[in-house]
Amino acid sequence: MKITTWNVNSINVRLSHLAEFLKEEVPSVIGLQELKCSNDKFPLKEIEELGYHCEINGQPTYNGVALLSKTEIEDVVFDIPGYKCEEKRVIAGTIEGVRVINAYVPNGQSPESDKYQYKLNWLAAFTKYIEEVLKNYSQVIVIGDYNIAPTDDDVHHPETWQGKILCTDKEREAFLELLALGLLDGLRIEAQPKGLFTWWDYRQGGFEKNSGIRIDHLLLSRVLSRRFLSSAVHLNYRVMERPSDHAPVSVILK
DNA sequence: ATGGTTGACGATCAA
């Protein structure tokens with residue numbers, strides 16, 4: 001079973017890349033973030049024709065998430081239950097007995113911005129939600145764009161990023177609190193070479209210099225992690241013409 | 001050098 005997360009930065013601009021990914025990699029499940037479109041503008045027919053069920057939580061212009069699956073998606077839940085938030089950032093469903101939560105965590109803009117505190121509050125509510133999910137399901141995976149580089153090993157130039165958004169102590173503490181619920185960082189289950197990133201700035205030739213950071217994650221419950229086989233960052237989808245600024249990231253399970 | 005690139009019901013905002 002292959003599970004993938006991908007911030008596509010506009011589903012309609014990236015549809016041809018997604019179609020190629022689905023045909024080439026054939027993930028069992030893929031969580032998409034930053035659809036940047038309302039539900040009625042989501043290319044549902046095109047994706048269904050590729051053999052995928054779709055559950056969509058769209059929003060015009062900003063945010064928007066979706067779950068795509070080869071098999072039926074059951075017990076779909078939108079957003080963070082009980083948390084007042086107009087933005088469409090979360091969608092969850094059960095596929096082949098695995099509870100998949102797909103999230104697009106707020107960016108936060110800068111530590112001085114009001115959006116920074118909003119991000120920290122959002123993460124606190126999200127962590128409470130995941131704590132509840134873990135009480136009800138044993139096979140759980142929490143995937144998405146976390147907008148947090150967990151450690152300096154996840155940053156190409158730690159000294160440049162020191163104290164900057166995506167790398168502040170409070171964001172990293174919030175990430176550790178999620179892990180403390182009993183989740184394992186899917187790309188850190190096995191040792192990896194240095195310089196393993198998932199996002200590169202469009203500006204200044206960021207990808208060509210591998211001037212990236214690792215902010216897209218797949219977190220596995222302990223029970224699910226017993227099925228872990230391997231993980232991968234699909235760098236070839238960041239090289240294509242007009243790519244997303246994020247690469248797809250996958251874990252493969254037994 | 002306070003730049004630079006991309007996307008959206010754009011005339012700026014968010015990333």
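Student: In which loop is Lys-84 placed?
Tutor: This is a predicted model, where local features need pLDDT of at least 70, side-chain atom pairs count only at pLDDT 80 or more, and totals for chains, interfaces and linings use all residues. Residues are numbered from 1 along each chain as its sequence is written, chains are lettered from A and ligands numbered from 1 in the order in which they are written, and side-chain values use heavy atoms, with hydrogens and water left out. Strands (E, at least two residues) and helices (H or I, at least four) are DSSP runs, numbered from the N terminus. Lys-84 sits in the loop between strand 5 (74–78) and strand 6.

Student: Is Lys-84 buried or exposed?
Tutor: Buried means under 20% relative accessible area, exposed over 50%, and partly exposed in between (1.4 Å probe, protein chains only). The relative accessible area of Lys-84 is 72%. Therefore Lys-84 is exposed.

Student: How far apart are the C-alpha atoms of Lys-84 and Lys-254?
Tutor: Along the chain, the two are 170 residues apart.

Student: Is Lys-119 buried or exposed?
Tutor: Lys-119 belongs to helix 3 (residues 114–136). Its relative accessible area is 0%. So Lys-119 is buried.

Student: Which residues is Lys-119 in contact with, leaving aside its neighbours within four places in sequence?
Tutor: Contact means heavy atoms within 4.5 Å. The partners of Lys-119 include Val-105, Pro-106, Asn-107 and Gly-108. Also among them are Tyr-146, Asn-147, Ile-148, Ile-165, Leu-166 and Glu-171.

Student: Which elements do the buried residues of helix 1 pack against?
Tutor: Helix 1 covers residues 15–25, and its buried residues are Leu-15, His-17, Leu-18, Ala-19, Phe-21 and Leu-22. They pack against strand 1 (2–7), strand 2 (29–33), helix 2 (44–49), strand 4, helix 7 (236–239) and strand 14.

Student: What is the phi of Val-26 near?
Tutor: Most residues other than glycine have a negative phi. Val-26 follows helix 1, and its phi is positive, near 45°.

Student: Where is Asp-79, and is it buried or exposed?
Tutor: Asp-79 is not a glycine, yet its phi is positive, about 65°. It lies in the loop between strand 5 and strand 6. Its relative accessibility is 19%, so Asp-79 counts as buried.

Student: What does Glu-96 count as, by relative accessibility?
Tutor: Glu-96 is in the loop between strand 6 and strand 7. Its phi is also positive, near 50°. At 46% relative accessibility, Glu-96 therefore counts as partly exposed.

Student: How far apart in space are Tyr-62 and Asn-9, C-alpha to C-alpha?
Tutor: Tyr-62 is in the loop between strand 3 (53–57) and strand 4. It is exposed, at 55% relative accessible area. Tyr-62 and Asn-9 are 53 residues apart in sequence, but their C-alpha distance is 9.4 Å.

Student: Which residues is Ile-213 in contact with, neighbours within four places aside?
Tutor: Ile-213 is in strand 11 (residues 212–213). At 0% relative accessibility, it counts as buried. Its contacts are Asp-154, Val-155, Trp-161, Leu-166, Phe-197, Thr-198 and Trp-199.

Student: Which residues have the most contacts inside the largest nonpolar core?
Tutor: A nonpolar core is a set of buried Ala, Val, Leu, Ile, Met, Phe, Trp, Tyr and Cys residues joined through side-chain atoms within 4.5 Å. The largest has 27 residues, and those with the most contacts inside it are Ile-3, Val-100, Ile-141, Leu-218 and Val-251.

Student: Which residues does the second core include?
Tutor: The second core is separate and has 22 residues. Among them are Val-90, Trp-122, Tyr-129 and Phe-175.

Student: What share of the residues in chain A is buried?
Tutor: Chain A has seven helices and 14 strands. Of its 254 residues, the buried share is 56%.
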